[in-house]
Amino acid sequence: MAILADENTRVIVQGITGREATSFTKDMLDYGTRVVAGITPGKGGQRVHGIPVYDTVRQALREHPADATVISVPPALVKGAVLEAIENGITLAVVVSERVPRKDTIEFLEVAKARNARVIGPNTLGLISPGKVRLGMAGGPAADVRKAYMPGPVGIASRSGGMTTEIANLLTTRGIGQSTCIGIGGDPVVGSNFLDLIPLFDRDPETKAVVLFSEPGGVVEEKLSELVLAQKLSIPIIGFIAGRFVDGMPGVRFGHAATIVEGNRGSTKSKIEMFRKAGIHVAESFSDIAEIAKRYV
Amino acid sequence: MRLLEHESKRILEKYRIALPAGRLVGPGEPLAIDGPVMLKAQIPIGGRGKAGGILAAEDAEEARQKVALLLQSNLRGYIPKSVYMEEKKAVKQEFFLGVTYDTVAKAPVAIFSAAGGVDIEELAQREPALVRREHFTVGSRLPVHRAREIVADAGISGKLLLGLSPVLSTLAEIFLDYDATVAEINPLGLMEDGRLVALDCHLEIDDDAVSRHADIAALEKDTGRVEGERRTTDFEREAAGIDSLDHRGVAGRVIEFDGNLGLIIGGGGASLTAFDAIRSHGGRPANYCEIGGNPSVLKVRELTRLILSKPGVDKIAVIMNVVSNTRVDLVARGIVKGILECGRSPAETVAVFRVPGAWEEEGFKILSKYGIPIQGRTVSIDEAAKIAATKAN
């Protein structure tokens, strides 16, 4: 089983006529994703890889009922696009766009919460439930996705899009399949962080363990450890924390915007200590992720 | 983007938050003052006082000397371009008012303390009860009655409650209106005459929202407002130049280290992973970097040449996560070209090449031609790092 999306999920693409969206729409279709319609205001009536394009989400949904949207529009238009989707009853929005102003993100998350809709991203490559569905551009062309991902019992949630595929590839080459693999997005505030997603994996009977990829910055990992300590989660968690060397360089920005270290708070040292205290497995080397995962499959 | 104190204060003024009388002073300006003043170096960091960036002066001559002193100081790497001069008046009590985002709760949070003027984070850890924190929403904002609830729960009543609540509410308005990620008044001073005055303040504007505020965008373009923000080495400056050679992909975020193993690594998460792994296997990196998107052959070639130009660097490790956007063949070509142009042998110089993914067959052909061993997707990032570290030592 997969979380969030599976082979039955019907998908619209907002901003479908953009260069990037056109390309990942093809990759999604090749992978078997049920893309039912696209939306670009002003371009209604066109087709992209055979998928009909509409001016508004409402028009699209009248003809093609859908559950999820993948949004790839310029940063200033993201808030409007998410609100349009949610107001029309979409319950899962994957926001691929980068550089979304933080206030806009918080604002559409407030509406999403009130309407029980879930948001992945912004600044995410998307998610893949191997063999079933892929939302967004994680993993590249369908042939490459099939090489790196395979169905199985391990979930992945990663703060890095590229490393989502790298972890899946590591597991696949060691014979371990995946249930759902999610790039949660690189921004400091994302719609679904580890605290939101691990409980979903925990409730999924077919996911036996979950791998987290973390970087310096933020305190979500620390909060997750508290949740585990309070025995709110029973699924085995394997944490890999990259960027340990950053602890020695306070104030230097690495990688994603979130990677800003202020004192010990948010440092890899603090995250590793909290993980250990909570009984979350800490993979010392990247390959250890697979060695630990093997115990649970 | 962190605003300077005087830039933040112009915004507070616009929202009618009371300020001490003050003005900006540049180098060599004549000073006419009629009482004691505070002289504050305009640099974008916290802890200016501790760094020696805030001085008091009793008369015009002392002020002139101290302004000159501040303008020559190097304060934690920053050289002030101007000094903000303010009247110095007695303060009866200091408060902390702040607004920021709680990234875990995904909500803005208002912070208030009747014990301002100190390191608020330290106080919040030591005596959390003294620092009130409450979430609010962007949709409902922080109207005065909500602000009053927060201030009242901090034990403030009477006239002071009526005075403080609107300031906290207004600070939240500024925070939201300006797309700030941090808005702080610390301290807000209660003066002898009963007025509440913002003695210092700190605004940080979301880099991704600067473009929708014309006044902030103009400040951002002004390259003369801050000196010393980037303490980069020549090596890092040259690398930044390479990244801006064209708009294809990223070959950037180069940081110099003093080791002997050159790194061409990417993307963001994989760079962090590879760097840690090389160190854990005893390797000594000469640099950090992040290759991403689909960089041109030119960029990779130039970055290779730059890294090999560092004294003592004779090996390069090329490690990326399984790529979908980056083309393996273009990376391979850039690396080989860069090495050849330095007059070195590709087979000897490349300690490891581990970039699986898009166009890998074409890439592997180029590598084989030059005798560079290929590590495919079954070799993990840390295994590749081990190979590189072993060869370099």
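**Sheets, helices and a chain contact**

Modeller: Let's start with a pair of strands: in chain B, E12(B) and strand E14 (residues 315-320) run parallel and are joined by 6 bridges. Within that pair, Leu263(B) sits opposite Ala317(B) of E14(B). Keep in mind that this is a predicted model.

Biologist: Fine. What holds strands together in a sheet, in general?

Modeller: Strands of a sheet pair through backbone hydrogen bonds, and the pairing is either parallel or antiparallel. Here, the open sheet of chain B has 3 strands in the order E12-E14-E15, with parallel pairing. Strand E12 (261-266) and strand E15 (350-354) of chain B have a single partner strand each, so one side of each lacks a neighbour in the sheet.

Biologist: By how many degrees are neighbouring strands of this sheet turned against each other on average?

Modeller: By 10°, with direction ignored. There's a helix on this sheet too: H9(B) packs on it and touches E12 and E14 of chain B, its direction making about 155° with that of E12(B).

Biologist: How do I read the way H9(B) meets H10(B)?

Modeller: Look at the axes, then the angle. Helix H9 (residues 297-308) and helix H10 (residues 328-341) of chain B have axes that come within 7 Å and cross at roughly 40°. That makes H9(B) oblique to H10(B), since angles under 35 degrees would count as roughly parallel. The crossing of H9(B) past H10(B) is right-handed.

Biologist: Which residues of H9(B) and H10(B) meet?

Modeller: From H9(B), they include Val297(B), Val300(B), Arg301(B) and Leu308(B), and from H10(B), Leu330(B), Ile335(B), Lys337(B) and Glu341(B) are among them. By class, the contact of H9(B) with H10(B) has 7 nonpolar, 3 polar and 6 charged residues.

Biologist: Now chain A. What is the strand order of its open sheet of 7 strands?

Modeller: The order in chain A is E3-E4-E2-E1-E5-E6-E7, and the pairing is mixed. Strand E3 (47-48) and strand E7 (118-120) of chain A stand at the edges with a single partner strand each, so each has one side without a neighbour in the sheet. Further in, strand E1 (residues 10-14) and strand E5 (residues 68-71) of chain A run parallel, joined by 4 bridges. Ile12(A) has Thr69(A) in E5(A) as its bridge partner.

Biologist: What does helix H1 of chain A lie across?

Modeller: Helix H1 (residues 19-30) of chain A lies across E1, strand E2 (34-39), E3 and strand E4 (51-54) of chain A, and runs at about 160° to E2(A).

Biologist: And how do H3(A) and H4(A) cross?

Modeller: The axes of helix H3 (residues 78-87) of chain A and H4(A) come within 9 Å and cross at roughly 5°. H3(A) and H4(A) are therefore roughly parallel to each other. Among the residues making the contact are Val82(A) and Leu83(A) of H3(A), with Phe108(A) and Val111(A) of H4(A). By class, this contact of H3(A) with H4(A) has 7 nonpolar, no polar and 3 charged residues.

Biologist: How many residues does each chain put into the contact between chain A and chain B?

Modeller: Chain A gives 41 residues and chain B gives 40 residues. On the chain A side, helix H4 (102-114), helix H5 (142-148), helix H6 (161-173) and helix H8 (220-229) give two or more residues each. H6(A) gives the most, with 7 residues.

How values were computed:
Residues are numbered from 1 along each chain as its sequence is written. Chains are lettered from A and ligands numbered from 1 in the order in which they are written. This is a predicted model: local features need pLDDT of at least 70, side-chain atom pairs count only at pLDDT 80 or more; totals for chains, interfaces and linings use all residues. Two residues are in contact if their C-beta atoms, placed from the backbone, lie within 7 Å. Axes are lines fitted to C-alpha atoms, for helices over the stretch in contact, and angles run from 0 to 180 degrees between N-to-C directions. Angles under 35 degrees count as roughly parallel, over 145 as roughly antiparallel, 65 to 115 as roughly perpendicular and the rest as oblique. A crossing is left-handed if the near helix is turned anticlockwise from the far one by less than a right angle, and right-handed if clockwise. Ala, Val, Leu, Ile, Met, Phe, Trp, Tyr, Cys and Pro count as nonpolar, Asp, Glu, Lys and Arg as charged, and the others, Gly among them, as polar. Two strands pair if DSSP finds at least two bridges between them.
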